[in-house]
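Have a look at the sequence and the fold, then read on.

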Amino acid sequence: MSEIETLPASAIEQQQGVATAEKMGWTARQKFAFRVVFIYVIQLCIPLRPRFYNNLFNLNFDEFNWQTLSGFTGIGSPEYIDIGDDIWGLYSYINLGVGLAVALALALIWTLIDKKRKNYDLLYYWILVVARYRAAFGIIAWGMKKFVPKQMEIPSLTFLQTPFADFSEQKVYWQSVGIAQNYEIFLGFAEILAGVLLLFRKTTAIGAALLAIVLFNICIANHAYDGMVHVGSFTYTILGVIILWPYFGNVWRLLVKKEDVVPEFRYPEFTSGLQNYSRIGLKALSIGIFVFFSYYLHYIDYVGYRYPHDYPGLKNAAGIYEVTEFRLNNKLIPYSPLDSVRWQDAVFEKWSTLTFKVNRLQHMDNDNTGREGKKSINKRFEFRGIGGGRHYFNYKIDRKRQILYLENKNRAHRDQKQELHYERPSPNRIVLSGLNEFKDSIYVVLDRKTNEFAVTKTP
């Protein structure tokens, strides 16, 4: 394989007035800048986290799904400093800054060692290939969740019943997008399109520009709504700018200086059939896995990601209920929005979740990291980012004895459990009786209400 393939020297000299020999040699500043970019891209694109390889070498193919595949494509900043729970402010970017400092230090050492190299044309090409494909497959996986769609879900009944002031900024943003499913699909399409364009040399510039614009917009939106993926989206923006950088000079000369431009890009020349077939085969295989197979995995797992659809609740019980009667230790408790024990309303979802409103605050779960798992108790999307006095309980049903075994879904209150006997005297009435989370005896009469919401479609 020859090192480079260039445009004819005459064309370059006529259009730009630069001799080929001079063009081949890089300035000291250009070489140092390349070394910094090379080391920085390696840190962003080559997984340096031990858990990545631990997951890779301990794959459980029985549970392999789109989340497993996406875990190998995501881009993140290196973890030089453990930022803990401080993921909201500018400090969350500290690892990107440390990574840049590492790149500068190593580039300086590289400069002292390597003083004879005239250029890094070939190495520059390959590091851009690494950046292109890493960014492409990462953003395709990110966009696929919206394109199916499954990242921002349609609001649940409980969400529609909850006061707006009880939502975190992120919950408002995600559910606003979730309501507009076509818009979410469009956002996913834009991200997938950017990734696909990055996979081909002739469309690299368009893909990189689209990647930088779309992901920087997502970064800003996450700062505005505390979305917690601002660092990841900004990292994609950085890669988009790095990939797009070689095109800036020609664009400036063409659009600003009004000069005629003949683009000059150097690519490796694959001279043998084996090299060409290997290149095409690897490209086809990677696209087949991270694009088409990824879409297939998303499609077959459409249901049950955010909400525990696989765990149906009481049959024909889904709805919003008024608490007609509430007794605590056989004492009638009248309605009061200030009472810390009496339920104000209750909601049965289609799945195995019962929620009720009471004047008793719980910890607001804002964690947007990690997998939720397949168990219904661990699916936190429905209550994540919701505060106030809304309590979420997962329940299991003993249909023979007509008993609900409830457990608080909030990880900070997982010790709260209830055991309630249920009766269905009529289709729209449910009577619950038994022990609440404080081991007090309760008797609750629930009557289904007819509510009209502007959002008519629920999960």
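## Confidence and helix packing

The chain averages a pLDDT of 86, and 90% of the residues score at least 70.

This is a predicted model, so local features need pLDDT of at least 70 and side-chain atom pairs count only at pLDDT 80 or more, while totals for chains, interfaces and linings use all residues. Residues are numbered from 1 along each chain as its sequence is written, and side-chain values use heavy atoms, with hydrogens and water left out.

Now for two helices (DSSP runs of H or I, at least four residues, numbered from the N terminus):

| Helix | Residues | Residues at the contact |
|---|---|---|
| α3 | 28-45 | F34, F38, V41, I42, C45 |
| α7 | 121-147 | L123, Y124, I127, V130, A131, R134 |

By class, this contact has 10 nonpolar residues, no polar ones and one charged. The axes of α3 and α7 sit 10 Å apart at an angle of about 30°, so the two helices are roughly parallel (angles under 35 degrees count as such).

There are also 30 aromatic pairs in the structure, meaning rings of Phe, Tyr and Trp (its six-membered ring) with centres within 6.5 Å. One of them joins F147 and Y295, 6.4 Å centre to centre with 55° between the planes, which makes it tilted (planes under 30 degrees apart are stacked, over 60 edge-to-face, the rest tilted). F147 lies in α7 and Y295 in α13 (residues 273-300), so this pair ties together parts 148 residues apart in sequence.

Terms used. pLDDT = per-residue confidence, 0-100. Axes fitted to C-alpha atoms, helices over the stretch in contact; angles between N-to-C directions. Parallel < 35°, antiparallel > 145°, perpendicular 65-115°, else oblique. Contact = heavy atoms within 4.5 Å. Nonpolar A, V, L, I, M, F, W, Y, C, P; charged D, E, K, R; others polar.
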